[in-house]
Amino acid sequence: AVHAAAGLTATRFPADPFGQPGSRMYRTGDRVKWRADGTLEYLGRADAQVKIRGYRIEPGEIEAALHTHPGVAEAAVGVFEDTSGTRRLVAHVVGSGGEIPAAAELRAHLERLLPAHMVPAAYVPMDALPLTVNGKLDRRALPAPGPDGYAAGTDRTPPRTPAERLVAAAWADVLGVGEVHAGDDFFALGGDSILAVRITARLRAAFGPGVSPRLLFTRPTVAALAAELGEPAAELGEPADDASAPRADAIPATAPHTPAPLSYAQQRLWFLDRFEPGSTEYTTLSVLRLRGPLDEGALRTALDGLVARHEALRTTFTEQDGQARQVVHPPHRVDLPVDDLTTAPDARAALDALLERGAATPFDLAAGPLLRARLARLADGEHVLVLAVHHIVTDGWSLGVLGRDLGELYAAAHEGRRPELPELPVRYADHAAWQRARTDRVEPQLAHWRQVLNGVPPLELPTDRPRPAVRTRDGALVTFTLPAELTDRLRERGREADATLYMTLLTACTALLSRWADQDDFAVGTVTAGRERPELHDVVGMFVNTLVLRNRVRPGTSFRALLEQVRSTVLEAFAHQDVPFERLVDALQPERDTSRTPLFQVMVALHNLGAEAPALPDLDVEPVLPPVRHATFDLAFDFVEGDGGVTGHLEYDTGLFDEDTVRRLAARLRLLLQAAAQDPDRDVRALELMTADERRRVLHDWQGPRLEVPRTTFPALFEAQAARTPHATALVARDATLDFAALNERANRLAHHLLAQGVAPERVVAVRLPRTSDLLVAVLAVAKAGGTLLCLDPDLPAERVAHLLADAAPHTVLTADALREVEWDRLPAHDPTDRDRRAPLHPDHAAYIVYTSGSTGRPKGVVVEHRHLVNLCHDHREGLVAPHTADGSRLRAALSASFSFDTSWEGPLLLALGQEVHLVDEDVRLDPDAFCAQIAERRLDLVNVTPSFLRELTAAGLLAPGRHHPRVLLVGGEATGPDTWRELCAATGLGVTAYNMYGPTECTVDATYGRCADHPDRPVIGRPGRNLRAYVLDGALRPVPPGVPGELYLAGAQVARGYLGRPGLTASRFLADPFGAPGERMYRTGDRTRWDEQGMLEFLGRADEQIKIRGFRIEPGEVEAALLAHPDVSEAVVTAREHAGRLMLVAHLVPAGDTVPTADALRRALRRTLPDHMVPAAFVPLARIPRTSSGKT
């Protein structure tokens, strides 16, 4: 194994699915194939594959093609990255004698043999390839290509025209090559589609906006591209046109005094205001603290000047002939009430209350005004100015414009001069009318968005509370910082990939959200100023547009590769930003969901939330962050650049998330950014999200306590207890009440009978008996004889019984008839020992087999050993029995579980712990009224049921006041809902201690549990039991931080042996434990969980399609397979549906012919092959099974 690298060992030495249980195989990383003669052909390293421009390339294939050239003796092909982060294929070539062929000749040779994406961009002549001391190729010693290495054209003509010179200069700069000639080919010089975007941006400044990256693909030489572009309008770096000259696509002026249409963004906000009148979600507050001598008169004049200058601030909205219109009113005086807070007992609290009122006061869009101003006087020389504006007439950019204009207007009034402000060439109403008139112009861009966003799934974030049916829009804000040193390193990482800081931050957010939600395909939103045209720069109004950025985080993607993808996504989005978001939603018509925002649920933006503080003469002006009480999205990351790094504002929906959760999310983002800045080539799913302290907690502190457990067998524990308390009542059944001595003696006699029949360790004994005392006697007897128990319910269908018997191949079958033939009085009564057994009984011998549902339609038998039961017994003594028997009393426990379900082993365990077990009759255990009556009549102390049956028991009065209640209530077998959890927590007041139990059959009954009342907020499944470990891991078996969902893996002293006779399946579910001792295994539960901050596990649901009904784990595939065996059924899909608070199975089926089989006929047929809990409660005939676009059901 690899020393000190447990995780690496687990991934390189996986379980061998074709060998013996516990054996492993080594993953070499070499690609091979079998030849027809049975020998292996070596194809190269799997990790030698490279990706260029999205193509997966085998360098060996290119090297082989190079070897076919007569002038090449040796060749090595790899990827080299230049200073700008551009990756290109480079060939290093050793000649076969004489002069090494020229780069152009080698390129031409390869173009005849290989597709274009496999042809290297550069060729480096070598005298010999560098080798390591072991004689292998030393790729790190290969030199980077020089300017002459690129396979440029043979035409060495220098650029001749101004256009050619501009194109050549742009290519030389962007591609990082030396001299560029008229005949050179863009792709021969190492260009690609991403570099084409950069070239296009450079050339647009000189040739106008019509330059498209597509031109570089159709006119790839300098001369051809220059000829297509024509004469430049300006030299690079100069304006492409005279700003004063009229443009062909200029925004036309509209009549100044007529109502104008609303822009698309305004239309959405107007509709939302009509839909929810009085909402303050879109109230924008700008708060400025003013220190110094304030000229109040100048401030009033400046505010009046703002309204006079910017029409948006004196606009209202009305409806005419069914259409919304905006009406611009004449300039008016701005009301500026002044609140004197100088005498307030707590000026800060008074100011907070004033800001709260400002944010909570709605606007009337029809009456106006949509700008409110208020001044608070805190002390002599200290004021706070509060400006409230409705978002329908402003945006983030506008706040900066307003701040700049307010500063100049105040200074002019204060100094008694005319303000000096630039002219406004267009009005906002002109822009709105122009945008509406361009509907047809954006249709081609709309086609792009339809393609990009087709089938985009919602981002399913792990919320702290269930998502309400309708979004609450209540929100709050968490602020965090990214230090300057980290920000500088992030900028550097961005520059390496020719990406902006925003793209780098977006990449990190995408990686974080992907890991938090465990989702690899989703979209986030961002905002664009919507002011690409310079004439809009000084206009106040709602110009901002929303863009949707869809990215896929594929397994194995490095941060650098994801950054390249995100960069491409952002560039594509900005190239198609003319489509208003509102039009996009109308065109795509995503499925209506009132619980979510359409198309995306998380916003990521880099901008200045409050803009820079205005400069006011003689005043120190400081922006104040206003209170945030609304959330437009589930989450919104707003990054603001400053001298000291980046400030992050994380707005969140308080209906979904707790503040602690969001603070932890911000901390994880900072950790991820630090890891990415340090190692950008690492898989984004491996970038650290945890501190060392958190890692210690999830791997060590929150694991099950260590407990010394004797190396013994289960019957030895029971026999020791029987010897201690022989005359205490052990078992109460409908047919008998037995003390420990009588129960032990009867089990001993039956054990000797089984021994006489040849039962021995690892030999299966099937027990098929009714629920009488003999059933418990048989369970104990099989254990004493050393056999492996398989319980079969008497009412199981004959066909299923036949299948289980064929699979388990029992040595003996115990039925009621077989027991009647036992000569009890002639059998020995002493405890069997190894002298009586055919072979010694050891702790690692099998104790029982329990069959669980299988995904292929074939149930699988889980083999549990004695040592696993012994650990469970000692754990329950410490964790469940001792706390409730400290006074010397014993627990009277109800045993109600089916014996084909592993929870039934709680009965024998409690007997071994000296408690009194009451076997609940078959006709009582599923009858809520009868069960409750028996609990009260026998004054039972311990009850263990599923949450769904508990609801029926509580309805029947289990927890009603004024009656006997069980002291201990164990709930498990399926997820516990919030309502049931609240009821369990409240039961503490009745003297009831409730525990939530969790444990798959593969981890011996109970693996984790917790006392419900200790965690009243939400359901948890607690912590691992003694000597057990629980890991919440991602898809690469890496621990995830607290609060992040992952798949639950269980390890330690109760992990079962595996599945009977199915080594391949065992190897796939019982993996090497990368955190345990060598040779230890962990079980992959298939359940999604997360750690909370207290170290408790929360159950989030199944990772696969399994369903739990009444505590039984069901694979729909098994039920579907049974349905498809019916001649009248051609297709079937089985799902779970909730009805009246209970989960039920529903079968959707397509009939094979014209006749639709009745539900009764189907039930009768299924009951012949399936247990009752697997027979659907409802059958829905369909003409066809609905499928998604990818062909899934």
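This is a predicted model: local features need pLDDT of at least 70, side-chain atom pairs count only at pLDDT 80 or more; totals for chains, interfaces and linings use all residues.
I began with the largest cavity, which is lined by 16 residues, with Glu 906, Leu 910, Leu 942, Asn 944 and Leu 970 nearest its centre. For "cavity" I used a set of points on a 1 Å grid over the protein atoms alone where a 1.4 Å probe fits but cannot get out, and lining residues have an atom within 4 Å of a point. α25 (866–881), β29 (892–895), α26 (906–912) and β31 (942–945) each give two or more residues to this lining; helices (H or I, at least four residues) and strands (E, at least two) are DSSP runs, numbered from the N terminus.

Residues are numbered from 1 along each chain as its sequence is written, and side-chain values use heavy atoms, with hydrogens and water left out.

Next I looked up the volume of the largest cavity and found about 130 Å³, a volume being the space filled by probe spheres set on the points, which are joined across faces, edges and corners.

Then I turned to the second largest cavity, at about 100 Å³. Its lining includes His 390 and Arg 473, while helix α8 (residues 264–275) gives the largest share, four residues.

Last, I checked Thr 1008, in strand β34 (residues 1008–1011). Is Thr 1008 buried or exposed? Thr 1008 is buried, with a relative accessible area of 0% (buried is under 20%, exposed over 50%, partly exposed in between, with a 1.4 Å probe and protein chains only).

Definitions and conventions:
On a 1 Å grid over the protein atoms alone, a cavity is a set of points where a 1.4 Å probe fits but cannot get out, and a pocket is an open set with protein on both sides within 12 Å along at least five of seven lines; lining residues have an atom within 4 Å of a point.
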